[in-house]
Amino acid sequence: MSRVAVVGERVRAQGFGLAGVLVVAAEDPPAVRAAWRSLPDDVGVVILTPAAAAALAAAAPTAAAPAAAPPAGRDGRLVAVMPP
């Protein structure tokens, strides 16, 4: 069974922990990228804060990547971005 994770600023992410979601707090772009790389393999859904999505998009290998697109390499995961 897949798990759900949320990545981003602690203040925006911590409430998801009450529902059993894996909370990975990351306050700046390098921490967001490290958090993305460290997600366990059983995570099937990732919820990103807008800042986390922007940090991942900035690290995307192509300039044509959508603003909220996570980096390649985690195929099969559903990614959602919280509204601002």
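This is a predicted model: local features need pLDDT of at least 70, side-chain atom pairs count only at pLDDT 80 or more; totals for chains, interfaces and linings use all residues.
Hi everyone. Let me begin with a term: helices (H or I, at least four residues) and strands (E, at least two) are DSSP runs, numbered from the N terminus.

Residues are numbered from 1 along each chain as its sequence is written, and side-chain values use heavy atoms, with hydrogens and water left out.

Now the overview. The protein has three helices and four strands, and along the sequence they follow the pattern β-α-β-α-β-α-β. Of its 84 residues, 33% count as buried; buried means under 20% relative accessible area, exposed over 50%, and partly exposed in between (1.4 Å probe, protein chains only).

Let's look at the sheet. The four strands form an open sheet, in the order S2-S1-S3-S4, with parallel pairing. Strands S2 (22-25) and S4 are the edge strands, each pairing on one side only. The twist from one strand to the next averages 20 degrees. Two strands pair if DSSP finds at least two bridges between them, and S3 and S4 have four bridges in the parallel sense. Across that pair, Val45 stands opposite Leu78 in S4.

Helix H3 packs on the sheet, touching S1, S3 and S4, and its direction makes about 105 degrees with that of S3. Contact here means heavy atoms within 4.5 Å. For the angles, axes are lines fitted to C-alpha atoms, for helices over the stretch in contact, and angles run from 0 to 180 degrees between N-to-C directions. The buried residues of H3 (residues 50-58) are Ala52, Ala53, Ala55, Leu56 and Ala57. They pack against strand S1 (3-8), H2, S3 and strand S4 (78-81).

What about H2? Its buried residues are Val32, Ala35 and Trp36. They cover an arc of only 100 degrees around the axis, so they sit on the same side of H2; the arc is that of the directions from the helix axis to the C-beta atoms. Facing away from that buried side are the exposed residues Arg37 and Ser38.

How do H2 and H3 meet? They pack at an angle of about 80 degrees, with their axes 9 Å apart. That makes H2 roughly perpendicular to H3, since angles of 65 to 115 degrees get that label, under 35 is roughly parallel, over 145 roughly antiparallel, and the rest oblique. On the H2 side we find Pro29, Val32, Arg33 and Trp36, which meet Ala52, Ala55 and Leu56 in H3.

Is Thr49 buried or exposed? Thr49 is buried, with a relative accessible area of 0%. Leaving out residues up to four places away in sequence, Thr49 touches Val7, Gly8, Glu9, Arg12, Val81 and Met82.

Pro40 lies in the loop between helix H2 (29-38) and strand S3 (43-48). Pro40 counts as partly exposed, because its relative accessibility is 27%. The C-alpha atoms of Pro40 and Leu22 are separated by 9.9 Å, and the two residues are 18 residues apart along the chain.
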